[in-house]
Structure formats: C-alpha cells, structure tokens
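Look at the fold as a whole before you pick out single residues.

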Amino acid sequence: MRRSTLALILIAAAVVVISIALRAGDSAGEAAPTTSLAPDPPVPTTSIPRTTTSTTTLSSDTAVCDLYSGIITTGTVATTELVEASGLAASRTTPDILWSHNDSRGRAMLHAFTESGEDLGGYEIPDAFALDWEDMAAGPGPGGGGAYLYVGDIGDNFNIRGGLVTIYRVLDADPADLDGTFGESTPLIYRYPDASHNAEALFIDPVEPALYLVTKALDEALVFKGSLSPSDGPIDLTLVATLFLGGEVSGADMSADGTTLALRGYRSVWMWRREVGISVTEMLADTPCISPSPDEHQGEAITFDMDLAYWTVSEGAHSEIQVVERQTTND
C-alpha cells in the first residue's frame, strides 16, 4: 500500500469518527427564509425540456408549493447495507427505481431499491473513493443529452480538502443490466473560488446544463455553479447566490424539466418555481415557498421523479420511504 493511499484512508477514518459524533447537533431549528443574490449569470438560451409525464401548468398567482400536500409512506428500505442514506435520486431511465448512497462510511457504492423498498443490490463505482459523500442527483450530460447519476464527495466539516471537491458521474442504468458495478465513472473535480466549504446538497440544471452545490451552515447557504464538462484540471466554481433560509440545507434536487427546485433541511422543504428563459440565479432571487416536510430522524435526501412528486429518506437502518405527490392543474 502506497503512503498516499494510507494517508487518505487514515483521513477518511478520522472524518467518519468525528462527523458521526457531531451529527446529533446538525438538526437545529429552522426559521423563515429570506434571500439575497450574487452576480447574475447569462440567461439560458435553450427552452426548458418537457420530459416529465405531468401536464401541470401554473397561473402567475399560484405558488408551486400549493400543488403539494399529503405525505405518503410507500415502504421501508429493505437492504441492511444502506444505513446512512445521505443522497437520493429517482432514475430517469427506469421507472420505480431509487438510487442512494451512504454518507461517510462504506465503499464507493450506490444502492438501488424500488419505491416500496425492495432491495435491488449495491453497485460499485469504479475508480472512486468515498471520503464524505453527501448528495446525488440525476441529470443530463454536458451537452444536455443522455441520462446520468452524479454523486457528490462534497462534505468538508473540518476544512481538509483545500477547496477541492469531486463529483462522480455514471450512467443512469437499469440495475438489472449491471453486474455489481457500473461500467465506468467520470470524476469531475471542482475548485471553490475562495476557500473550503462544507456542502451537503447538489442539483443539476438540465436547461443550461450545469451543476450547483449548496453549502451547509446555520446562518447562510452559498450556491455555487460549475460546468459539467470534464477538464484536465479543476473546474472553477462560481458563487451565484447567497440564501438566508433560517436552517441548514441538507439536500437538493431540480426536476427533470427544470421548472422546480427543492432544497431541504431537517424540518423544512424550500421550493422555487422557474419560468422558461429564467436562469437559476434569477429564480433564486424570489423568496421560496414552504412545501410539506416529512418528519424524519435525520432527513438529508430528496429527489423529484418524472411526475414531479418528491421522495425522501432519512439516515438510519431500514428508513421509511416517503413521497409528496404533485397535483395537476390547467390554470
């Protein structure tokens, strides 16, 4: 074993021990949100792709949160291997498939299960290292096509990364077509513009397309944007917004059609509605509405399915799987 590899393992072990000890203090109360914005990026020139099966349209005076009510428990996670579900992604290629991963423990692996919790196995991500995986998302590739899963090794509670984080990209495949491992992975290394940050939330904008990271802190959430294109060196992140939500952001997702963004905390789900031609930064200029939040012990994961319902799971063994469905309207 090379010394550099041994050093990484020792650092990872230390992070696991300390972060587990501190997690009990992470779920502080949350207050009403306010928002302030950083510089505006260019407005996307592409139209929002309508890839969902929903026919929902909203009038200008309808809040997107008004379409969500009623929290349904669909099952429990059956596998004994997923004990710290920190991220969640609904497959955009295979119906009834949810993907998740452990936090700062275990192998570089994604776990697949059905919406009722049936275990579909664990799948290794080749050439990946699991230091502090905090969130994942489904989305297109850098050109806007294809279907991929993005897994964020983005946690940095103790400022040990030197401002660099890694996102692993793999194909959004049917678990039945995988033999215990994804065929290959693409590591995307990102660099913050100022310093190290601890982040537990990421989402993919399918319109531009681009990747966004959201930091976790009690007083503010910084939103950074980065390219999805691989690079020979680190990909620079740009600060695009500063949010004051009154609580820590522990997860995020954007719907497959790019119209709805959800950030979640331990007791809140904040949601934004987006119009065609509006950038993410412009969308975040609006104050979010508050959508129903499942009551979970350590809820850090959220994902939209193709019908714009959002799903959540909590950390802990055999976590309940919960969904908040979206009503349709022709207003």
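Two strands pair if DSSP finds at least two bridges between them. Strands (E, at least two residues) and helices (H or I, at least four) are DSSP runs, numbered from the N terminus. With that in hand, take one sheet. It is open, and its 4 strands come in the order β3-β4-β5-β6, with antiparallel pairing. β3 and β6 (119-124) stand at the edges, and each has a single partner strand, so one side of each lacks a neighbour in the sheet. From one strand to the next, the twist averages 25°; axes are lines fitted to C-alpha atoms, for helices over the stretch in contact, and angles run from 0 to 180 degrees between N-to-C directions.

A word on the source. This is a predicted model, in which local features need pLDDT of at least 70 and side-chain atom pairs count only at pLDDT 80 or more, while totals for chains, interfaces and linings use all residues. Residues are numbered from 1 along each chain as its sequence is written, and side-chain values use heavy atoms, with hydrogens and water left out.

Now the whole chain. The protein chain has 2 helices and 22 strands. Of its 331 residues, 55% are buried. Buried means under 20% relative accessible area, exposed means over 50%, and partly exposed lies in between (1.4 Å probe, protein chains only). The chain exposes about 13300 Å², and carbon and sulfur atoms supply 52% of that area. Accessible areas come from the Shrake-Rupley method with a 1.4 Å probe; for residues, only the protein chains shown count as cover. A contact means heavy atoms within 4.5 Å. Among contacts with a separation of 6 or more, 62% link residues 24 or more positions apart.

Go back to the sheet and find β4. Why is strand β4 (residues 97-101) largely enclosed by the rest of the structure? The reason is that 5 of its 5 residues are buried. I97, W99 and H101 point one way, L98 and S100 point the other way, and all are buried.

β4 has a partner in β3 (residues 87-90), and 4 bridges join these antiparallel strands. G87 stands opposite H101 there. β4 also pairs with β5 (residues 109-114), again antiparallel, over 4 bridges. In that pair, I97 stands opposite T114. β5 in turn pairs with β6 in the antiparallel sense over 4 bridges. Here H111 stands opposite G122.

The hairpin of β3 and β4 has 6 residues between the strands. D96 lies in this loop. Its phi is positive, about 65°, although D96 is not a glycine. D96 counts as partly exposed because its relative accessibility is 37%. N159 sits in the loop between β8 (148-153) and β9 (164-171). N159 is not a glycine, yet it has a positive phi of about 50°. At 54% relative accessibility, N159 counts as exposed.

The loop between β4 and β5 holds N102. Is N102 buried or exposed? It counts as buried, at 10% relative accessibility. A polar atom of its side chain lies 2.9 Å from the backbone oxygen of E81. The side chain of N102 also reaches the backbone nitrogen of V83 at 2.9 Å. Leaving aside neighbours within four places in sequence, N102 is in contact with E81, L82, V83, E84, A85, H111 and W133.

One more loop, between β11 and β12, contains P209. The peptide bond from E208 to P209 is cis, with omega near -15°.

Finally, turn to the cores. In soluble globular proteins, nonpolar side chains tend to be buried together. A nonpolar core is a set of buried Ala, Val, Leu, Ile, Met, Phe, Trp, Tyr and Cys residues joined through side-chain atoms within 4.5 Å. The largest one here has 21 residues, and L243, L263 and W272 touch the most other members. Elements that each supply at least two residues of this core include β11 (199-205), β15 (238-244), β17 (260-264) and α2 (280-284). Apart from it lies another core, of 19 residues, among them W133, M136, A138 and Y168.

Terms used: A polar contact is a pair of N or O atoms within 3.5 Å; within protein, one must be able to donate a hydrogen and the other to accept it, and residues adjacent in sequence count only if both atoms are side-chain atoms.
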